[in-house]
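This briefing is meant to be read with the sequence and the 3D view open side by side.

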Amino acid sequence: MDAPSTASPTQNADEAIEATGLTKRFGDRLALREVGFAATAGELLAVIGPNGAGKTTLLSLLAGIRTPDAGTIHLPRGEVGFVPQQAALYRRLTVAENLRLFARLEEVDDVEASVERMLVQTDLADRRDDQAGTLSGGNQQRINIAIGLLSDPAVLLLDEPSTGLDPRQRSRLWEFVLGLAGRGTTVIFSTHNIAEAERYAERILVLADGQGLFDGSIEAFHAAAPTAAGEAAAGDFESAFVRFLAEHGH
Amino acid sequence: MRWLLLKDLQIMRRSPLVTGLLVAYPIVIAVLIGFALSRGPEPPRVAFLNEVPPDTPLEVGGESLDLAGAKSELCDRIECVPVSSEEEARQKVESGDVLGALILPADLVDKLQSLAGLTPESPTVKVLVNEEDPVKAGLVDDRINSLLAEANLRISQEVSNVSTSYLQILLNGGDFSFLGQGIQVLGLKRSEQILRGIRGQLPADSPDLDELDSVIRFSHLAAENLGAAGDLLSSVSQPIKIDKEVVSGDTPSLDTFAIAVAATITLMFVTVLLVAGSLALEREENAFARLTRGLVSKSALLGEKVLLGVVVAVVVTLLMLAGLGLFVDLDWGRFALWIPAIILQAALTFGLGLIIAPLVVFFRDLERAVKLILRLLFYASPIIYGLTDLKKLHLEFWGAFNPLTGIIGMYRSAFFPQDLNWFAVAVSAGMTALIVVAGVLVFRRTIRTVLKEI
């Protein structure tokens, strides 16, 4: 059974974010068509799809960078933190100065306490006085995420967070992100890396040409994807993903 | 905005290239201009009009004076620019082509020669000076006065020699030529001797003795006093008078011109460098989307960059002027109009930025075109020349509609007071307001598409 093109939001007391009927148009091009989903506290949701599917557009609507032409976003429990694909921090400022600057711009109550908390969470307290530009790509990405967490958001949006990182840096990054989810932060991330989505996400939202094609667990996706001859239902996820898209004309 | 400003200043401080440039720039400019201004003065350009008919001999008391040699000596000390009429000389002084003019009238030689005659007249030369530049005008005055003092000394010596020879004849007797006829003069001393001889021959009770004694006493006193008159005559030292006329003009001195250009270009250079550089930094650091996601409004972000550029540019310019102050005297009180000028310039830059920045995203080549257009506009703006210069081309009214005209005029007024044109300032303020409103409208209409593009 195919998943509905627009995921139905579920009404749940634990819900951290709920989006319904999100539509976004750029000129003549429809970037998103009535996409909807809901995520609960501490949930890890991966948004996957081919290039131009609308992943970044969806995250930018959820982050408030852009406004949807139609649809609503409901945040019952607080703020959304946004972490852009490339580290958005100042390389000539130190780790602590970056965190302090954005904490002040976020107008958090206790700036120094927030900075200390993030330094501990990112495990970078001993490098607090190092300029961000001297850190590895993985550590820069951790600071990037920490900046997104300064306002202590209920939902964290990560736009392709592991792009450009080596396997070791990716592993440390996901360890950090899993820790956040474990502490109750809802994490929604977009990725091209299907294996990464399979490995870390609890649920996936598949987009293609701005349309929501699937919203559910990895197991449910395997079940929904057509099986190749001689392959078990729970076979290679990437192949299943390609077949799924092909079946839907993408 | 305060935190962003502090952040940008901190990043600047840690960027060796930018910091080095901002420190080195005012030093290099101040030193270069300072040395250029404090080097030895070049001969001033002076228009020279000689109305004395050519080949007119100049003789004073039988001594021939070399008029051509005097002109050659004059032109060794100043750069003589020959002119054919007083009107031409005046035009050159007014236009600033020359710093002054020296006019020798047609009757100069006759009057000079009359000094050694019995009916002396006072010869006069005319000097036109443009005192808009007091330093250079002073230099011209000094050169001309010095040359005339030398000429006066030589002439007065000749006049004195002639007068002394006449006195010697009166004193000691001799031959004297007047209207082509030779006259023999007895002389006061000889007269006294003759009278004393006659007195010795008169009887002691002669009634003429008293009168004769009176004449002898007069001859004696006259001879003694005329003997001292030679020294008195030699002290007469200024036979040639100077008729000086100050011609108003609008030509600035090299000093003020150089400082004005340096200050204006520094302000513009540093402002543009920092606004463009700090905006590029936000883009390079991928921070633009993060900042404008509710943390800072887009207008506030642009405003902060303009403020950063203006603040640093003013500091750098003041440093440069302080450096120049070591070489030339600066009247700091005349810089008050720079404050409204800076505010207007910041608003104008802000408005233009709001219009151009989104368009550059859609038309990448526009970035190069803007550089080219800015270069052309630089020459079309009264930066290295004044609005008053456009008056000569009858473009003063239209020139005021360049929004930079009034602003630059306020900057230039610190150096050239005549460049302050309140009409141009009002037009600049009005056009700046229009450009800011247009900029806000363009920016609001395009920003969504711009964000998608970048």
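Which residues in H2(A) meet which residues in H3(A)? On the side of H2(A) they are A:Ala96, A:Leu99, A:Arg100, A:Ala103 and A:Arg104, and on the side of H3(A) they are A:Val111, A:Ser114, A:Val115, A:Met118 and A:Leu119. The model is a predicted one, and the points below are to be read with that in mind.

**Helix pairs in chain A**

- The residues that form the contact of H2(A) with H3(A) divide into seven nonpolar, one polar and two charged.
- The axes of H2(A), which spans residues 95-105, and of H3(A), which spans residues 111-121, come within 9 Å and cross at roughly 130°, and that angle makes H2(A) oblique to H3(A).
- The crossing in which H2(A) passes H3(A) is right-handed.
- H4(A), residues 137-148, packs against H5(A), residues 167-182, at an angle of about 20° and with the two axes 9 Å apart; since angles under 35 degrees count as roughly parallel, H4(A) and H5(A) are therefore roughly parallel to each other.
- The crossing of H4(A) and H5(A) is also described as right-handed.
- From H4(A), the residues A:Gly137, A:Gly138, A:Gln141, A:Arg142 and A:Ile145 meet A:Gln169, A:Arg172, A:Leu173 and A:Phe176 of H5(A), and the residues of this contact divide into three nonpolar, four polar and two charged.

**Nonpolar cores**

- The largest nonpolar core holds 74 residues, of which A:Val47, A:Leu58, A:Leu99, A:Leu157, A:Ile204 and A:Leu207 touch the most other members.
- Helix H2 of chain A gives the most to this core, with seven residues.
- Once neighbours within four places in sequence are left aside, A:Ile204 is in contact with A:Ala46, A:Ile48, A:Ala197, A:Phe214, A:Ile218 and A:Phe221.
- A second, separate core of 42 residues includes B:Ala30, B:Leu274, B:Ala341 and B:Phe350.
- As general background, nonpolar side chains in soluble globular proteins tend to be buried together.

- Just after H1(A), A:Gly64 takes a positive phi of about 90°.
- A:Asp69 is found in the loop between helix H1 (55-63) and strand E4 (70-74) of chain A, and with 14 other C-beta atoms within 10 Å it is partly exposed.
- Apart from residues up to four places away in sequence, A:Asp69 touches A:Thr23, A:Lys24 and A:Arg25; the C-alpha atoms of A:Asp69 and A:Thr23, which are 46 residues apart along the chain, are separated by 5.5 Å.

**Positive phi in residues other than glycine**

- A:Glu34, which is not a glycine, has a positive phi of about 45°; A:Glu34 is found in strand E2 (residues 29-40) of chain A and is partly exposed, with 16 other C-beta atoms within 10 Å.
- A:Glu160 likewise has a positive phi, near 45°, in a residue other than glycine; A:Glu160 is placed in the loop between strand E6 (155-159) and H5 of chain A, and with 20 C-beta neighbours inside 10 Å A:Glu160 counts as buried.

- Chain B contains 17 helices and nine strands, and 30% of its 454 residues count as buried.
- Among the contacts in chain B with a separation of 6 or more, 74% are between residues 24 or more positions apart.
- Helix H16 of chain B, residues 403-412, has 10 of its 10 residues buried, so it is largely enclosed by the rest of the structure; among them are B:Pro403, B:Ile407, B:Tyr411 and B:Arg412.
- The contact between the chains takes 18 residues from chain B and 19 residues from chain A.
- The elements of chain B that give two or more residues to the side touching chain A are helix H1 (2-13), helix H10 (287-291) and helix H17 (422-453), and the largest share, four residues, comes from H1(B).
- The residues on this side of chain B divide into seven nonpolar, four polar and seven charged.

Methods. Residues are numbered from 1 along each chain as its sequence is written. Chains are lettered from A and ligands numbered from 1 in the order in which they are written. This is a predicted model: local features need pLDDT of at least 70, side-chain atom pairs count only at pLDDT 80 or more; totals for chains, interfaces and linings use all residues. Two residues are in contact if their C-beta atoms, placed from the backbone, lie within 7 Å. Ala, Val, Leu, Ile, Met, Phe, Trp, Tyr, Cys and Pro count as nonpolar, Asp, Glu, Lys and Arg as charged, and the others, Gly among them, as polar. A residue is buried if 20 or more other C-beta atoms lie within 10 Å of its own, exposed if 12 or fewer, and partly exposed in between; C-beta atoms are placed from the backbone. A nonpolar core is a set of buried Ala, Val, Leu, Ile, Met, Phe, Trp, Tyr and Cys residues joined through C-beta atoms within 7 Å. Axes are lines fitted to C-alpha atoms, for helices over the stretch in contact, and angles run from 0 to 180 degrees between N-to-C directions. Angles under 35 degrees count as roughly parallel, over 145 as roughly antiparallel, 65 to 115 as roughly perpendicular and the rest as oblique. A crossing is left-handed if the near helix is turned anticlockwise from the far one by less than a right angle, and right-handed if clockwise.
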